[in-house]
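Dear colleague,

I am handing over a structure that you have not worked with before, and I would be glad if you looked through it with the notes below at hand. Please open it first and then read on.

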Amino acid sequence: NKAKILVHVTYGEDAPTRAALAFLVARTAAGQGHQVSVFLASDAVVLLKDDVLNSLAGLGTGKLREHYDALVKAGVRFYVSGNSAKARDLGPALIADKPAEFALPERLLALSLEHDRMFTY
């Protein structure tokens, strides 16, 4: 029984284990054939920066880059809070080469209603 799963992430570099766990859960769901979307807000918007992707690893939750690459391969779409990115001086270069788009809170609400389950980290 396949589901649509939304993973909403608000933790960033300051909580590497929690941030990597969110990507691990999304990766696990995608690996089981579920349709997965990831919404990054607040401090989590930095997780798509290449230097963070390449360096962040959680304690027992794995390396962010490995999870991200698996998610991209599985066709997962990333949504990045435009307001959170702007507040952190992160512009279009953040998502230029990634399967991602900037989104507002209204999009998060719409995604939450479109998906069967939502996990929040």
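Two strands are said to pair when DSSP finds at least two bridges between them, and with that in mind we can begin with the strands of this model, which is a predicted one. Strands E1 and E2 pair in the parallel sense over six bridges, and within that pairing Leu6 stands opposite Ser37 in E2. The chain passes from E1 through H1 to E2, and this β-α-β crossover is right-handed. E1 also runs parallel to strand E7 (residues 117-120), to which four bridges join it, and the bridge partner of Leu6 in E7 is Met118. E1 is mostly covered, in that five of its six residues are buried.

As a general matter, nonpolar side chains in soluble globular proteins tend to be buried together.

Gly62 is found in strand E4 (residues 62-63). Gly62 counts as partly exposed because its relative accessibility is 29%, which lies between the limits of 20% for buried and 50% for exposed. Leaving aside neighbours within four places in sequence, Gly62 is in contact with Ala20, Ala57 and His67, and its C-alpha atom is separated by 7.4 Å from that of Leu24, 38 residues apart along the chain.

Finally, two loop residues deserve a look. Ser42, in the loop between E2 and H2, has a positive phi of about 55 degrees although it is not a glycine, and at 29% relative accessibility Ser42 counts as partly exposed. Asp89, in the loop between helix H4 (82-87) and strand E6 (100-103), is likewise a residue other than glycine with a positive phi, near 55 degrees, but Asp89 counts as exposed, at 73% relative accessibility.

With best regards

How values were computed. Residues are numbered from 1 along each chain as its sequence is written. This is a predicted model: local features need pLDDT of at least 70, side-chain atom pairs count only at pLDDT 80 or more; totals for chains, interfaces and linings use all residues. Side-chain values use heavy atoms; hydrogens and water are left out. Buried means under 20% relative accessible area, exposed over 50%, partly exposed in between (1.4 Å probe, protein chains only). Contact means heavy atoms within 4.5 Å. A crossover is right-handed if, with the strands pointing away from the viewer, the path from the first strand over the helix to the second runs clockwise.
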